[in-house]
Structure formats: C-alpha cells, structure tokens
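Keep the sequence and the model side by side.

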Amino acid sequence: MSGDGPLAPSERVASVPESGIRKFFEVAAEMDDVVSLGVGEPDFATPYRAREAAIDSLQRGKTSYTANKGMAALRERIADHVTRYDLDYDPDAEVLVTAGASEAIDLAFRALVDPGDTVAIAQPSYVSYEPGVRFADGEPLPVPTCAEDEFALTREALEAAGASEADLLVYCYPNNPTGATMSEEALREVAAFCREHDIGVLADEIYAALTYEGEHTSIATLPGMRERTVVFNGFSKAYAMTGLRLGYALAPPAVVDSLNRVHQYTMLSAPTTAQHAAIEALDNCESDVAEMRTQYDRRRNFVLARLDEMGIDCFEATGAFYVFPESPWPDAGEFAEALLEAEQVAVVPGDAFGEGGEGHLRMSYASSMADLRTAMDRLERFLD
Ligand code: PMP
C-alpha cells in the first residue's frame with residue numbers, strides 16, 4: 001500500500017495517473033455552447049431492432065446469468081460474423097463474450113502477463129492499455145508510430161523501441177486516436193517480427209467494421225499468427241451500443257480458458273440484456289451498420305476537406321471515426337485549450353494517447369454534420 005490509512009490505494013493503483021482526456025472534458029462540461037469533437041463514441045442511437053430485442057428479453061424475464069462464456073446462440077453468431085474477416089473460431093471453445101471489449105482487454109492482461117513481463121504498446125493508442133498492463137504488474141513499453149508512416153506500425157518502429165524483448169504486443173487498428181488502418185502488407189511485417197521474437201499479439205479490432213478504404217485484415221489470419229493472437233471486438237462502435245457493454249475475445253481454446261478463469265470469478269457473465277440485443281444486432285441490423293458507416297465516411301471526407309482548405313496538415317485517416325491532424329501550434333495542448341476557451345470547440349491533444357502523438361490533435365467525427373460544420377467554421381475563425 002502507498003500513503004496512509006487502511007484504505008490507501010495500492011502502489012500499483014497510485015502509480016497510474018488519471019486519464020488526461022477526462023480532465024480536459026471536465027473543463028469542457030462546465031462551459032456553454034461547446035461543440036465537442038472529443039468523444040470516442042457514436043452519436044447514433046442503437047439500431048431500433050436491437051433495442052426492441054433488449055426490451056423484449058426483459059419483458060420475458062430473461063434476466064438471469066448466462067453461461068460464463070456467453071449465450072451459446074450469441075457465440076455461434078459471433079463465430080459466424082467474423083468469417084467476413086476470414087477468421088475461423090469454434091463458438092464453444094474459442095469465443096468469450098465480455099462486458100465490452102474493455103473487459104476482454106483487461107482479462108488478457110491479467111490472464112497472460114506475469115509480473116515484470118514486457119508488453120509493447122503501439123502508440124498513439126487507446127488510453128486503457130498502459131494502465132491495464134500496470135494493473136497486471138507488467139511493464140508497458142511504448143512503441144511510437146509516426147506521421148511519416150501515417151501512424152501504421154512498422155518493423156522499424158518495433159525495432160527502434162526495443163520491442164524484440166517484449167512478451168506481448170498490443171495495438172488497435174483501425175486506430176483510436178489516429179484513424180490509421182493497416183494494410184495486409186504492413187501487417188505481414190509486424191507478424192514476421194512477432195514470430196521471429198516469439199511475441200504474443202493482442203489485436204484490438206473494435207473498429208474493424210469502420211474501415212473506409214479497402215477491407216479490414218486481421219493479423220490472426222496471417223500464417224503462424226492464429227496461435228499467438230487474441231482478437232478483441234465488440235458492439236460499442238459499429239452497432240452504437242456503448243452503454244450496453246458488450247464485447248468479445250477470440251483466441252485458441254487454452255487462451256480462452258485462461259481468460260475465462262478470471263472472467264468467471266470477476267464478471268460471471270456479460271450483461272444478459274445486452275447479449276439478447278447483440279443476437280438481434282448480428283441477425284438483423286447489418287443495414288443499420290452500413291448506413292452509419294456511410295454517414296461516418298461522408299463526415300470523414302467533409303472534415304478532411306475542411307482541414308485541407310484551412311492549410312492544416314492531416315493524413316487521410318481511413319478507419320474508426322477520428323482524424324489526427326497536425327496541431328497548427330507546436331504545443332497541441334496549448335492550442336486545444338485556447339481553441340476551447342475562444343471558440344468552445346473541444347478537441348484532444350495527441351499526447352494524451354502516448355508517444356508519437358505529440359504535436360497532433362484528435363478530432364472525432366462521431367458528431368452530426370451540423371456540429372461538424374459549426375466546429376470547422378469556428379476553427380477557421382480561430383485561425384484567422
Ligand atoms: N478499444 C478501443 C480502441 C476503443 O476506442 C474503445 C472505446 N473507446 C474500446 C476498446 C472499449 O470498447 P468497449 O465499449 O467495447 O469496452
């Protein structure tokens with residue numbers, strides 16, 4: 001324990017700082033008329049049929065625990081769904097339904113990391129990985145990616161960071177916060193590096209369905225990778241189901257058993273109502289997903305075009321719902337604060353997402369076209 005008193009936080013917990021994004025948004029929440037491009041969640045409502053299925057399950061009194069691994073009917077649909085990415089997993093032994101992808105990621109760290117193990121983290125990245133590794137007593141090793149590579153993970157980046165010594169590598173592509181995606185060719189390099197150095201891969205593919213140019217490739221489909229990879233996905237992003245808290249992990253049977261060893265004691269089972277909604281989502285909501293993807297793509301093109309007109313450098317982000325332009329001022333934090341104060345537009349400084357993000361801003365386009373237009377008009381006025 002650190003500090004005083006019987007309920008002082010453990011040293012492990014005390015060593016993890018509060019989320020930089022959260023602090024920023026607490027300031028924004030106190031202001032009037034803020035247009036926020038800061039949130040990492042869809043602005044769409046959950047597809048109607050999925051909501052109806054959730055309500056119907058409640059009315060039928062389906063409110064008990066499910067099997068630890070999730071309802072068999074849902075695991076079957078998940079296994080069927082992921083065949084679109086050429087992933088082939090046995091619904092009984094290789095699929096674990098979790099409370100959001102967040103739980104699956106946390107389970108992987110706790111189930112696979114021994115004290116002192118090194119976990120390489122491709123950055124800039126979603127903010128939960130580094131704390132998650134620390135909560136598991138692992139050693140996070142940031143692997144910065146860069147604008148010149150359009151924030152793709154490369155062998156050079158892995159080598160430069162000393163990741164050959166790592167036990168595990170975690171990344172998310174399509175990426176939060178950059179919107180970068182990985183081509184199959186680029187993934188092959190990463191896969192070769194991981195095979196050469198016997199590194200396990202935790203592939204966060206929660207934005208797989210939100211890929212705008214070409215198809216999403218999962219690293220688990222590459223030769224020799226399935227047995228060393230855990231794939232995470234979920235319903236929060238593509239199906240606009242963040243609050244329902246449902247995700248899943250895909251991995252070989254022994255790995256799913258390890259994850260489930262933690263899950264069965266700490267969570268028992270993922271939310272039952274959400275599992276009913278998810279079955280309906282997979283069965284009948286593909287047109288809703290397609291429509292949302294079309295809208296995101298329109299917004300993406302709009303934001304990229306406006307940034308370009310303003311002379312703000314931004315690579316063509318091709319996935320998730322973020323763009324990651326260069327900050328017009330060298331200090332992105334100062335720029336974000338000044339923009340918020342002067343024009344009430346909230347964006348997130350890139351360094352909140354780890355190394356490689358300095359001098360950039362994350363802007364989410366999971367906002368209405370009207371809000372995006374207002375935000376871009378205000379940004380333009382601010383620059384003038
Ligand atoms: N991974 C990434 C890359 C994310 O952006 C998020 C949500 N912001 C999550 C995981 C967590 O998703 P879930 O709601 O399924 O826990």
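The shell around the ligand holds four nonpolar, eight polar and one charged residues. Here Ala, Val, Leu, Ile, Met, Phe, Trp, Tyr, Cys and Pro count as nonpolar, Asp, Glu, Lys and Arg as charged, and the others, Gly among them, as polar. This is a predicted model: local features need pLDDT of at least 70, side-chain atom pairs count only at pLDDT 80 or more, and totals for chains, interfaces and linings use all residues. Residues are numbered from 1 along each chain as its sequence is written.

G100, A101, S102, G234 and S236 come nearest among the 13 residues around the ligand. A residue is near a molecule or strand if its C-beta atom, placed from the backbone, lies within 6 Å of it. Helix α5 gives the largest share of the shell, three residues. Helices (H or I, at least four residues) and strands (E, at least two) are DSSP runs, numbered from the N terminus.

Two strands pair if DSSP finds at least two bridges between them.

Follow the pairings one by one. β2 and β8 are antiparallel, with four bridges. V97 has Y248 of β8 as its bridge partner. β7 and β8 also run antiparallel, joined by four bridges. There G234 stands opposite G247; G234 is also one of the residues that come nearest to the ligand. The pair β6 (residues 200-204) and β7 (residues 229-234) is parallel, again with four bridges. D204 faces F232 in β7.

Axes are lines fitted to C-alpha atoms, for helices over the stretch in contact, and angles run from 0 to 180 degrees between N-to-C directions.

Is β8 covered on one face or both? Both: G247 and A249 on one side, and Y248 and L250 on the other, are all buried. A residue is buried if 20 or more other C-beta atoms, placed from the backbone, lie within 10 Å of its own, exposed if 12 or fewer, and partly exposed in between.

A120 sits in strand β3 (residues 118-123). It counts as buried because it has 31 C-beta neighbours inside 10 Å. Beyond its neighbours within four places in sequence, A120 contacts L141, V143, A161, A163, A166 and L169. Contact means C-beta atoms, placed from the backbone, within 7 Å.

A second open sheet has three strands in the order β9-β12-β11, with antiparallel pairing. Its edge strands are β9 (322-323) and β11 (348-349). P349 has L361 of β12 as its bridge partner.

Finally, look at two helices. The axes of α11 (residues 286-309) and α13 (residues 369-383) come within 11 Å and cross at roughly 10°. That makes α11 roughly parallel to α13, a label for angles under 35 degrees. R299, F302, V303 and R306 of α11 meet M369, L372 and M376 of α13. Five of these contact residues are nonpolar and two are charged.

Conventions
Parallel < 35°, antiparallel > 145°, perpendicular 65-115°, else oblique. Contact = placed C-beta atoms within 7 Å.
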